[in-house]
Amino acid sequence: MNCLNVCHILGISTLLPEEISLILDTAESLKEILDRPIKKVPLLRGKTVVHLFFEPSTRTRLSFELAAKRLGADTIGISAGASSVKKGETLIDTVRNIEAMRPDVIVIRHPYSGTPYLLTQYVKSAVINAGDGINEHPSQALLDVFTVREHLGHIEGLKVAILGDILHSRVAHSDILAFTKMGAEVVVSGPGTMLPPRQSQVLGARVVLRTEEAIEDADVIIALRIQRERQDQSLIPSIREYATFFGLWPERLRLARPGVLIMHPGPINRGVEMAPEVADGPYSVILDQVTNGVAVRMALLALLFKKGE
Amino acid sequence: MRPLLFTNARIIDPGQDWDFLGRLLVENGIIAAVGQSLEVPEDARTIDLKGKWLVPGLIDIHVHLREPGEEYKETIETGTAAAAAGGFTAVACMANTRPVNDSAGITKFILERAREVAKTRVYPIAAVTVGQRGEQLTEFGDLLSAGAVAFSDDGLPLGARMMRHALEYAKSFDALIISHSEELELSEGGLMNEGRISIELGLKGIPAAAEEVAVFRDVTLAGLTGGRLHIAHVSTKGSVEIIRQAKARGIKVTAETAPHYFSITEEAVIGYNTSAKMNPPLRTEADRVAIIEGIRDGTIDVIATDHAPHSTIEKECEFQLAANGIIGLETSVPLSLNLVRSGHISASQLVRCMSSSPSQILGVAGGSLTPGSPADISVIDSDQTFILTLESLHSMSHNSPFLGKELQGRAILTLIDGRPIYDPEGIASPHQDPL
């Protein structure tokens, strides 16, 4: 395979394992551009990428913008505050107006699940989902898989533990789908309020109630960000209690395989999802994830353009 | 008007235990005679129905007509036109208009408009509480005097205390309380049924328990108070079981479901299909099967549509923002006939659910073909297939998950007081007269 089947990147759920491999391979070859003194290639010269962010984002947006610029595309963006959405215009009308200015790719982050899918029914541009509600965050999952493959050489047969708010996390959903599609065993755990009720399986991952059971013999541990407002929603009694019983502490880590990779999609709450010494420890690849994010997003743009031609 | 004689009609009336091929005579707007051979007045016009169903006019006890206040979605005129085309001779319209039907003035307005423009009979359901705010009971006596037939805050569940008082106060008038049973604390923010598919789509779920704990609460309060309770739009297996047990204990409760709950499941939401977004949400296959069993064994008394028109403004948007509800008046007959075709219920049971029981529960005329009754009649071709299209709909809105689908069975003639209100093939129209 040297071309994507899909015309949009809406979610891992719509990608075949071969497409994921193609994206990873492409990212691998594009990554060296980031280390050049002149960090730019003219692959997407004359193309326009529009970033529509209807939710606050720092790193994802920066990463997408950089990826597009590294490939020579023009980028413009709006965030919810600056868009006309506040003036009573519907999203569909906003997007039709943007479409009328002839962009090539629309990257969208939106608080409501399924919105990127909705856009594809109204625009001709390729659409990339940069996170929709509690549904998917495909580029994050792809960069996570990329990072693991880069460090461990393969995905198949690995045990990947995902800890935190599994039910309400788009990162968890996309990660589960991506790692299982690539042949890993995924185990998820977190407080009972953050797991699917009465289900031993979610999207192909095994659900376990004890954090230790998830961590045991894990090759990779992904700790998800705990949103502080979850405390107010009575999902957890306190941040402190979460940290004590569900966080990653050095003694808990001993249950995992030696050399276990520690990952986090960021932004990290130090001392909550994991101890500072874990986040900064020898097996933490959290900053590699950020670097790889740019490479993976370059790959997505490059492949969508190739597909469009 | 000349007498009308229907011949070769499959005459179905569950109240009389009738399901036979015979004749029915309409004279002066009244059903004059029913039988296999009748004395026929000389001037009668004969209509050979060739075996098609002739049933008491269908009655839909759960419809949103949107007038007053949201006439861009539906009006009393278009909503009742859709009803007539769906085989209904009467509809009961919910109180969540703008303003809310919470006073005799609004009830009278609806009835006045209905007299002017409605195709079918219209029975207003008044709100239980002022403004549907759940704080203060409406004037039940005054509203009933003005023509309201029941009370419901449909769409907005009542608190437990208010439900108790409503059931108690309604007893003074032998009035019916229709409950939208939903525990808001459990459903808040939910967009579809909670389960495997809600996770796959990343949509916050509404657990079946949100309905079931409320149904249990409401039947318990009906037991406590002795008030007459009707549970609207039952959608889960657990609710069916709770109602079954309540009936067995002698509690005065009746229940309805809607055709979509026994026809399709939560899978219809896949693709963020806003035409499948409703409250209560479409459930699982196990629920669908349990609903059918509830209809079969009589736990569920009524098939009502919960006809909820919305314009494209409310439906062509992000799933999260889309309004709840679908239209149903023009698809209820074919979808319900599926249950007869599949052998789950008899034709007579179908007529009971769509005509006889609704008339008994609301205490309104109709539901029977006995001589002397007003000639409110539906003629149904149970075999005819058609594709539901935008053009075929009489409703102003077209928010239906069945759009573009082939359906089987439809009304071909609807009469009120012997007058045709829907007759697309001109079966009963005077210019077909040989004279």
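**Close-up views of a predicted two-chain model**

**View 1. The area buried between chain A and chain B.** About 1400 Å² is buried between chain A and chain B, and carbon and sulfur atoms give 64% of that area. On the chain A side, the most area is lost to chain B by Tyr112(A), Ser113(A) and Tyr117(A). Together these three account for 31% of what that side buries. The model shown here is predicted.

**View 2. Residues and pairs across the interface.** Chain A brings 20 residues to the contact, and chain B brings 16 residues. Two residue pairs are in polar contact across the interface of chain A and chain B, both at pLDDT 80 or more. Salt bridges found by the rule across this interface number zero.

**View 3. The side of chain A that touches chain B.** Two or more residues each come from helix H3 (91-100) and helix H4 (115-120) of chain A. H4(A) gives the largest share, three residues. By class, this side of chain A has 13 nonpolar residues, seven polar and no charged.

**View 4. The second largest pocket.** Its volume is about 690 Å³. The lining is made of 32 residues. Which of them are the closest to the centre of the pocket? They are Asn96(B), Gly155(B), Asn279(B), His310(B) and Asn324(B).

**View 5. The lining of the second largest pocket by class.** Polar residues number 15 in this lining.

Methods:
Residues numbered from 1 in each chain as written. Chains lettered and ligands numbered in written order. Predicted model: local features only at pLDDT ≥ 70, side-chain atom pairs only at ≥ 80, totals over all residues. Heavy atoms only, no water. Contact = heavy atoms within 4.5 Å. Buried area = accessible area lost by both parts, 1.4 Å probe. Salt bridge = Lys/Arg side-chain N within 4 Å of Asp/Glu carboxyl O. Polar contact = N/O pair within 3.5 Å; in protein donor to acceptor, adjacent residues only side chain to side chain. Helix = DSSP H or I, 4+ residues; strand = E, 2+ residues; numbered from the N terminus. Nonpolar A, V, L, I, M, F, W, Y, C, P; charged D, E, K, R; others polar. 1 Å grid on protein atoms, 1.4 Å probe; cavity = no way out; pocket = protein on both sides within 12 Å on 5 of 7 lines; lining within 4 Å. Points joined across faces, edges and corners; volume = space filled by probe spheres on them.
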